[in-house]
Amino acid sequence: MTDNNKCFIPIGPYHPLQEEPEFFRLHVEGEMVTGIDIELGYNHRGIEKLSEAKHFDQGIFLVERICGICSTSHPFAFVNAVEDLAGIEIPERAKYIRSVVGELERIHSHLLWLGLAGHFMGYNTIWMWSWKYREPILDIFEKISGNRQHYAMMKIGGVRRDIEPGDIPWIEKSLGVLNKGLDMLRGAIMDDPVIQARTKGVGVLTTEDVRNYCAVGPLARASGLSIDTRRDAPYAAYGMVDWKVQTYEGGDIFAKAVVRILEMQESIKIIDQCLARLKTEKGPFAISVKEIPAGEGIGRHEAPRGECFHYVKSDKTNRPVRHKVRAPSYMNVATNKKAVVGYHISDALLVLAAVDPCYCCTERVAVVDDETSKTIYSGHDLIKLSQNRTKDIRKRLLGK
Amino acid sequence: MNTAKASEKIKEKFANAITGWEEKNPKRVYFQIPPASLRELTRYAVNELGLRFIIASGTDTRRTIEILYHFADDNSGAVITARIVLPDKKNLKIDSIGDIFVGAMWIEREIHELLGVAFTGNDDLRHLLLNDDWPKNNFPLRHDNDR
């Protein structure tokens, strides 16, 4: 406590629940959040420096370890960058396989987010459903790559494994079941008056804010800004199949959820078309790349959280002299400075999670009275607080 | 507006300042401008042309430090990159663009701690990624730190 009215709530930074750890310090007056400080760096591993000591093929495995959730996003952007540098055109079959992997990842990442958002709101059914439908996606990954996470599919010049034609009918069947599940989830979430009351008008980011913070991905699209690297600068098979960029107006948590749900169904459309082409498309799934020339290359991939950017500079040796990585959350997390302020503490968890950077810190939330050093709320209590707020709204709206 | 146009417009407007122009392919344009033109270029690119700032990346070229400012033209899918070579490695300074849009604040802090470049006008150059007790004048991405 700094003065009579102001109190700080530290959120984070250790023992992440989800992805990378971050530290948020909420400034609160009573129940209202009046400011926020964000600290990063708890998970800084010096990947850019490490990459300078790895040859280009090792670099793919290195950047795959940046994120455990969207583990193909960084390799995808990295191979795009190296291929841009060397002027490599990959085979058609590899393009389709890359897009299938990229979209499967988007679906599982969005379902993971949706489940946790449901849990924070006290809708554990949504949590269970989302994660139930996420499971078949991981099974598909296991079938394709042998791994449920860290699929190691990307390779300079193509992909490391083919999708066997014999597996395609089974994959299509799994996606069909998932699509029905998504229809049900979409209805359950978009038509629920309590969820609407809880999420509409909360954590609003205007188009102006998005531009100012240079935010990307579903966050930008939920504020009505139609940007998507897959459409704007087509790579892999994204320019060869029919799909639409999903946007929504409002910029609140509801809009962010809707964009993600609609995007998953677009992803299924993309995967279905790619699989159909893979049935007939013959040819290699990778070409051999012997040497990377000197020069610079930029690769981008629309990861589940937004545009992932890699810059690679080579001096004709087998290692990059500079490798810059910019993950989408780098831009998106900063928007919390706008989105959290002016709302309830019980909404803060949801708003911070709506960015989908990490729920990481939320498990470690504690409200501590500075003078007495007594813990007022633990992380568990804050999730409870958030869930109780939903209960109150439900009572008010539905009388039960 | 198509790609060529955004980069062509920059080429035309900053004809006197641009010292190197490379069109690697239709979607990738690199050009070099002096540090003094950075703010004007950024304002023009973001406010007038509607380009989106992706990120900046600093590189130690051994002789000095160069900073690349990457802008995306989402209408055409091009990435337009401005290269700024800082003239004096002993006195690394460049104007901040954090007041033009907030999105540049963090990367300036990052380049400051990893490469030792001072951003004039950015008051918040605290460590972003490194520990607070990281040794002074040790910049991890500089090659002159290598032992």
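This is a predicted model: local features need pLDDT of at least 70, side-chain atom pairs count only at pLDDT 80 or more; totals for chains, interfaces and linings use all residues.
1. Residues are numbered from 1 along each chain as its sequence is written, chains are lettered from A in the order in which they are written, and side-chain values use heavy atoms, with hydrogens and water left out.

2. Now look at chain A, where strand β2 (residues 23-29) and strand β3 (residues 32-39) pair in the antiparallel sense over seven bridges. Within this pair, A:L26 stands opposite A:I36 of β3(A). The two strands make a hairpin with two residues between them, and A:G30 in the turn has a positive phi of about 60°.

3. Stepping back, chain A has 15 helices and ten strands. Its radius of gyration (taken over C-alpha atoms; the globule rule is 2.2 Å times the number of residues to the power 0.38) is 22 Å, close to the 21 Å that the rule gives for 400 residues, so chain A is as compact as a globular protein of that length. The C-alpha trace of chain A spans about 65 × 45 × 35 Å along its principal axes.

4. Chain B has three helices and seven strands, and its elements follow the order α-β-β-α-β-β-β-β-α-β from the N terminus on. For its 147 residues a compact globule would have a radius of gyration near 15 Å, and the 16 Å of chain B agrees with that.

5. How do the chains meet? In the contact (heavy atoms within 4.5 Å), chain B takes part with 39 residues and chain A with 31 residues. About 3100 Å² is buried between them, 55% of it from carbon and sulfur atoms; buried area is the accessible area (1.4 Å probe) that two parts lose on being put together, summed over both.

6. Finally, check the charges: the rule finds five salt bridges across the interface of chain B and chain A, each a side-chain nitrogen of Lys or Arg within 4 Å of a carboxyl oxygen of Asp or Glu. A:E307 forms a salt bridge with B:R52, with the closest N and O atoms 2.9 Å apart.

Definitions and conventions. Two strands pair if DSSP finds at least two bridges between them. Helices (H or I, at least four residues) and strands (E, at least two) are DSSP runs, numbered from the N terminus.
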